[in-house]
Each structure stands twice: as C-alpha cells, then as structure tokens.
Amino acid sequence: MSDSAGGRPRGLRGIARTWVEVLVRPRRAFANGITPGDQAPALTFAVAVAAVFTLGWIASDPAAMPVVVPSSRALSGLVLFLVVVALAAPVGLHLTAAVATVSVVLASVEFDGGLALRDRGGVSETVQVVAYASSPMALGGPAIPELRVLCGAYAAVLLFVGFRTVHGLGPVRTVAAALPPAALGYGVGYRVVAAARTLFGA
C-alpha cells in the first residue's frame with residue numbers, strides 16, 4: 001500500500017497486495033495507505049471484497065439465494081451478484097462510513113473547560129478505514145457459521161486498529177467509535193450476526 005501514488009497500488013494486483021497487507025500488517029497498512037481525499041481505491045476494494053464474499057456464498061449455499069429468475073437458479077445468482085457489485089456494496093460502504101463518522105465525532109468529544117473535539121482524521125480517512133477493514137470478509141462467503149463469525153471478529157479488530165491509527169483516539173474511545181459501524185457493516189451487512197445466531201442457537 002505504501003509504495004504507490006495516492007497511498008496504495010491500483011489494479012487487480014494492487015487490490016490483492018493491499019488485501020494481504022491489511023490482513024498481515026494492519027498498522028503499517030493503515031498508517032501508510034490512507035490518503036486524505038482518495039476514496040476511489042477504497043470503494044473499488046470494498047466492492048471487490050463484497051464480490052468475493054457473494055461468490056463464496058452463492059457457490060456454497062445456492063438454495064439460500066433469492067429466486068430472481070424462477071426458470072434459472074444460475075441466472076438468479078448472476079443477478080444477485082450484479083446487484084451486490086453495482087448497488088449493495090457501494091451503498092453499504094457509504095452507509096457504514098456515515099455511521100462511523102458520527103461515531104468518531106462523538107468519541108472525540110471531550111470536556112476541558114468547555115465542549116471540544118479532539119484532533120482526528122477526516123471523513124475520507126474514515127471511509128477508507130471502513131473499506132479496508134472489511135478485508136477478512138472476502139473469506140467469509142461460504143455458509144460456514146464459524147468461519148463467518150471469525151472473519152467478522154477480525155474485521156472488527158481491523159476497524160479498531162484503523163481508527164486508532166488514523167484518528168489517534170485512546171483505546172476506550174476507539175472501541176466506542178468502532179462498535180456501531182462494525183455491528184452495521186460486518187454484523188448486518190455481511191450477515192455475521194445471523195451466523196452467530198446459527199452457531200450459538202440463539
């Protein structure tokens with residue numbers, strides 16, 4: 001992520017390198033790869049993660065897919081995949097990032113002779129952290145509750161690391177900032193909560 005213009009490498013190879021670095025060296029990835037105002041690569045990355053997740057889900061549990069085209073389950077799967085890539089992933093990223101932005105602002109409030117906000121990164125950096133922290137969910141597509149819960153938990157940890165690195169908040173404030181977007185983006189969006197309920201029989 002750190003050796004290219006704009007903060008991160010481009011193209012399919014760049015996405016793969018970024019994915020590996022975020023998983024293996026998250027602090028370095030977030031410190032070197034987040035560039036103010038450069039959200040386009042993060043959006044592309046988030047869409048790629050969602051696409052791989054959806055492919056894994058469709059391949060492992062085709063019966064769970066909505067029947068869009070009654071005459072063809074394969075065509076239904078293709079339509080679902082296109083909807084995720086073109087609509088659900090971008091909208092989900094920005095909705096989660098909006099929640100994350102509010103959470104970061106609230107977690108930055110302090111009282112020191114009056115109401116004030118701690119110094120922190122901007123909205124663009126928040127969007128990028130949310131996108132790159134979703135990296136583990138590329139592996140969470142198969143209908144294996146244990147795997148999906150594990151991937152979701154790691155994504156939440158990466159979000160914590162990213163917020164701590166980019167926004168410079170303390171541990172408690174970072175947890176407060178990271179929990180709402182993690183619950184929405186990974187827990188609901190990537191069906192980690194549903195997997196946990198299946199796993200624990202809730």
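Started with burial. In this predicted model, I find 43% of the 202 residues of the protein chain buried.

Next, the surface. I get an accessible surface of about 9,900 Å² for the protein chain, and carbon and sulfur atoms account for 68% of that.

Then I went through the secondary structure. The protein chain has eight helices and two strands. Reading from the N terminus, I wrote the order down as α-α-α-α-β-β-α-α-α-α. I also checked how compact this is: the radius of gyration of the protein chain is 17 Å, close to the 17 Å the globule rule gives for 202 residues, so the chain is as compact as a globular protein of that length. For the extents, I noted that the C-alpha trace spans about 65 × 45 × 25 Å along its principal axes.

Contacts came after that. I took those between residues at least 6 apart in sequence, and 71% of them join residues at least 24 apart.

Charges: I count 15 positive and 9 negative in the protein chain. Their mean positions sit 6 Å apart.

Last, one residue up close. I picked Ser103, and I find it in helix H4, which covers residues 73-107. Is Ser103 buried or exposed? Its relative accessibility is 8%, and the cut-off for buried is under 20%, so Ser103 counts as buried. Which residues does Ser103 touch, leaving out those up to four places away in sequence? I listed Ala176, Ala177, Pro180 and Pro181.

Definitions and conventions
Residues are numbered from 1 along each chain as its sequence is written. This is a predicted model: local features need pLDDT of at least 70, side-chain atom pairs count only at pLDDT 80 or more; totals for chains, interfaces and linings use all residues. Side-chain values use heavy atoms; hydrogens and water are left out. Helices (H or I, at least four residues) and strands (E, at least two) are DSSP runs, numbered from the N terminus. The radius of gyration is taken over C-alpha atoms; the globule rule is 2.2 Å times the number of residues to the power 0.38. Buried means under 20% relative accessible area, exposed over 50%, partly exposed in between (1.4 Å probe, protein chains only). Contact means heavy atoms within 4.5 Å. Accessible areas come from the Shrake-Rupley method with a 1.4 Å probe; for residues, only the protein chains shown count as cover. Lys and Arg count as positive and Asp and Glu as negative; His and the chain ends are not counted. The place of a charge is taken as NZ of Lys, CZ of Arg, CG of Asp or CD of Glu.
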